[in-house]
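Let's take a walk around a protein model together. Have the sequence and the 3D view open, and look things up as we go.

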Amino acid sequence: MTQKTQTGMMLMTSTPSQIARRVLETERDALDRMITELSDQFDAVVDLFLNLKGRVIVSGMGKSGHVGAKIAATLASTGTPAQFVHPGEASHGDLGMVTRDDAVILISNSGETKELADIIAHTRRFSIPMVAITKNPDSTLAAQADHTLPLPDAPEACAIGMAPTTSTTLTMALGDALSVALMEARGFDRDAYRVFHPGGTLGAQLLKVSAVMHKDDELPIVSPDTDMGETLVVMSQKGFGVAAVVENGKLVGIITDGDLRRNLNGLMECKARDVATPNPSTIEPDVLLVEALGIMNDKKISALFAVDHDNRLCGLIHIHDALRAGVA
């Protein structure tokens with residue numbers, strides 16, 4: 001609540017946390033309404049975008065433009081080619097980016113944003129499918145659109161009811177709903193997602209063990225009958241501080257520095273099978289690297305062998321590999 005002073009200024013009488021809860025409740029209630037009032041044209045819009053030869057062009061002015069840019073980015077990163085075109089730039093040459101193979105999403109809370117007029121006219125002139133996102137189903141934008149995804153006529157969350165708050169939240173949520181529906185309809189999985197996100201932490205989180213594991217000649221492999229003298233040479237040469245004891249291609253045990261310390265007395269008279277720890281922790285190659293890191297942290301080990309479903313040795317992942325990949 002606010003209170004007016006003698007000078008006409010408004011004083012805040014609610015605490016910041018009370019205001020925050022009011023804002024969140026207002027936007028939550030609007031989202032609840034959108035769930036129940038979701039347009040029956042939503043499926044048709046998804047079908048339209050699925051069958052496009054070109055891209056989804058998104059445009060909007062002001063705060064709607066900022067949200068539109070985010071929607072375009074989310075669509076593009078989840079398998080639907082998309083691009084944001086600023087309506088002002090569109091009127092000065094960028095309409096050439098909008099082709100007959102494309103479809104357009106135009107965002108305007110009022111549906112009367114004059115800066116969208118040239119894009120609207122362009123889509124009508126060249127029969128380019130146009131989807132309107134607006135709170136006003138009787139607006140000029142909605143009247144011109146091939147499909148309209150109306151926003152609930154819900155109040156903005158600010159005290160004066162004018163700043164774009166609830167409306168932008170609803171628009172962004174609707175964009176997310178479109179992106180995810182398209183993503184699932186395309187069967188867009190983790191591997192495809194990683195193709196569009198190769199860099200940074202997100203890309204690292206989606207790496208599989210097989211992408212970074214050591215294999216073939218890099219692996220420290222000994223047989224159960226290998227003398228410990230030769231086993232130590234293999235461990236030293238490969239540099240992982242561990243050896244895989246392999247019989248008929250299958251991992252039957254591992255030898256670590258800890259195993260060496262526990263068997264110091266008479267170590268050189270032993271065979272690899274005498275020192276090895278049987279049934280070691282392993283991981284499959286197609287598991288995410290971040291999961292391998294979790295196992296290593298939990299077991300307090302620095303290396304993990306990768307095996308297939310028949311326990312055949314495929315590779316080795318070291319904690320340093322996770323660090324280099326940016327997972328840890």
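First, some ground rules. This is a predicted model, in which local features need pLDDT of at least 70, side-chain atom pairs count only at pLDDT 80 or more, and totals for chains, interfaces and linings use all residues. Residues are numbered from 1 along each chain as its sequence is written, and side-chain values use heavy atoms, with hydrogens and water left out.

Helices (H or I, at least four residues) and strands (E, at least two) are DSSP runs, numbered from the N terminus. Let's start with strand S13 (residues 303-307), which pairs with S14 in the antiparallel sense over five bridges; two strands pair if DSSP finds at least two bridges between them. Across this pairing, leucine 304 sits opposite isoleucine 317 in S14. The two strands make a hairpin with five residues between them, and asparagine 311 in that turn has a positive phi of about 65°.

Is strand S14 mostly covered or mostly uncovered? Covered: of the six residues in S14 (residues 313-318), five are buried. Here buried means under 20% relative accessible area, exposed over 50%, and partly exposed in between (1.4 Å probe, protein chains only).

Now for two loop residues. Asparagine 248 has a positive phi of about 55° without being a glycine, and its loop runs between strand S9 (242-247) and strand S10 (250-256). Asparagine 248 counts as exposed because its relative accessible area is 68%. Lysine 300, also not a glycine, has a positive phi of about 60° and lies in the loop between helix H14 (289-299) and S13. Lysine 300 is exposed too, at 75% relative accessibility.

On to the pockets. On a 1 Å grid over the protein atoms alone, a pocket is an open set of points where a 1.4 Å probe fits, with protein on both sides within 12 Å along at least five of seven lines; lining residues have an atom within 4 Å of a point. Grid points are joined across faces, edges and corners, and a volume is the space filled by probe spheres set on the points.

| Pocket | Volume | Lining |
|---|---|---|
| Largest pocket | about 340 Å³ | 20 residues |
| Second largest pocket | about 180 Å³ | 16 residues |

Nearest the centre of the largest pocket lie Ile254, Thr256, Ile301, Ser302 and Ala303. S10, helix H12 (257-262) and S13 each give two or more residues to its lining, with H12 giving the largest share, five residues.
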